[in-house]
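Good morning, and thank you for joining. I would like to take you through one structure, beginning with a term that we shall need and then turning to aromatic pairs and helix packing.

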Amino acid sequence: MLRWPWVVQLTAVLLLLGLWQYLAVASERVPSIDLVVSFMVTEITGGSHGGMLLGEFWGPLGLSLQRYVIGLAVGIPVGAVLGLMIGSSTWVRGLLSDTTLVLLALPAVVWAFLASLWFGLTDTAPIAAVALTAVPFVAINMSTGVRSIDPSLIEMSKSYKVTRRNRIVDLLLGGTLPSAFIGVRLAFTTGWNSLLIVEWFGATDGVGWRARFWYDALRYPGFVGWVFLFVLLITVLDRLVLRRLERRSHQWNQTPTLTFADEWGV
């Protein structure tokens, strides 16, 4: 049974939950699982936390997801174009490759603080942080995918007069998809980190701000609940969306899309 992947994953989850419950018993500053769940149910239903404090969930979550999606929608295409240019042009590679590597080395917290410094307490700051975090990850992996394509395949496609569209779609795009998806997955994860950090230190709403609100109020079940929500969302997104798209990209990459008969009308 230990060879079954779902058994291993379930065992890991149970061990983590057991460790969490042990820490809750050992330290009064660690809230137990039932307290966190109860607190988040109050947040979701908009119930009372005592006094004037009411639960808020859908508003902060929706706002953070909106910022997150906009930031990725800007950063991923920019990183893809930059990566294609670096991978296919020696001149661009010499000009921008080292700069992109330096940007890649910067942690998410640096982008978060820079975005807060540049744009202040506005919606632009978290969006910019997500975009700036995503660009170098996508660019580096995309350029690696372009350089991994065998040059003889490009020469052969030109010799057999393969159309430009087929060279771009089947050869260039197909050859870079596996590397590109690695960059996209990293962009999704680190972009979410940047968003939460910006909202924690430089926002007045959103998931990160809500987590800090309960942390400052010394309501640790709320703080842990919102942090766990952050982990849960990125895990679900990776397992249900990104991994499936990555598997399909590998299958598409390995499926013949251009034949001699199709090209020459035989």
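A residue counts as buried when its relative accessible area is under 20%. F39 has a relative accessibility of 8%, so F39 counts as buried. Please keep in mind throughout that this is a predicted model.

Let me set out the chain as a whole. It contains 11 helices and 2 strands. Along the sequence, the elements follow the pattern α-α-β-β-α-α-α-α-α-α-α-α-α. The chain has 266 residues, and 38% of them count as buried. As for contacts between residues at least 6 apart in sequence, 70% of these join residues at least 24 apart.

I turn now to the aromatic residues. The whole structure was searched for aromatic pairs, and 15 were found. One of them is formed by W20 and F228, with ring centres 6.2 Å apart. The planes of W20 and F228 stand at 45 degrees, so this pair is classed as tilted. Where do the two partners, W20 and F228, lie? W20 belongs to helix α1, residues 5-26, and F228 to helix α10, residues 220-254. The pair therefore ties together parts that are 208 residues apart in sequence. The two partners also fall into separate accessibility classes: W20, at 19%, counts as buried, whereas F228, with a relative accessible area of 42%, is partly exposed.

F39, with which I began, is also a member of an aromatic pair, and its partner is W214. Here the centres are 4.9 Å apart and the planes make an angle of 90 degrees, an edge-to-face arrangement. F39 sits in helix α2, residues 33-45, while W214 sits in helix α9, residues 207-216, so the pair links parts 175 residues apart in sequence. Is W214 buried or exposed? Its relative accessibility is 0%, so W214 counts as buried.

There is also an aromatic cluster to note. One such cluster is formed by F113, W200, F201, Y215, Y220 and F223.

The last topic is helix packing, and I shall take two contacts that involve helix α4. Helix α3, residues 58-88, packs with helix α4, residues 90-105, at an angle of about 125 degrees, and the axes are 7 Å apart. That angle is why α3 is described as oblique to α4. The crossing of α3 past α4 is left-handed. On the side of α3, the contact is made by L82, M85, I86, G87 and S88; on the side of α4, by T90, V92, R93, L96, S97 and T100. By residue class, this contact holds 5 nonpolar, 5 polar and 1 charged.

Helix α4 also meets helix α6, residues 124-147; the axes come within 9 Å and cross at roughly 135 degrees. This angle makes α4 oblique to α6, and the crossing is left-handed. Which residues make this contact? From α4 they are R93, T100, L101, L103 and L104, and from α6 they are P136, F137, A139, I140 and R147. The residues of this contact divide into 7 nonpolar, 1 polar and 2 charged.

Thank you for your attention.

Methods
Residues are numbered from 1 along each chain as its sequence is written. This is a predicted model: local features need pLDDT of at least 70, side-chain atom pairs count only at pLDDT 80 or more; totals for chains, interfaces and linings use all residues. Side-chain values use heavy atoms; hydrogens and water are left out. Axes are lines fitted to C-alpha atoms, for helices over the stretch in contact, and angles run from 0 to 180 degrees between N-to-C directions. Helices (H or I, at least four residues) and strands (E, at least two) are DSSP runs, numbered from the N terminus. Angles under 35 degrees count as roughly parallel, over 145 as roughly antiparallel, 65 to 115 as roughly perpendicular and the rest as oblique. A crossing is left-handed if the near helix is turned anticlockwise from the far one by less than a right angle, and right-handed if clockwise. Contact means heavy atoms within 4.5 Å. Ala, Val, Leu, Ile, Met, Phe, Trp, Tyr, Cys and Pro count as nonpolar, Asp, Glu, Lys and Arg as charged, and the others, Gly among them, as polar. Rings of Phe, Tyr and Trp (its six-membered ring) pair if their centres lie within 6.5 Å; planes under 30 degrees apart count as stacked, over 60 as edge-to-face and the rest as tilted. Buried means under 20% relative accessible area, exposed over 50%, partly exposed in between (1.4 Å probe, protein chains only).
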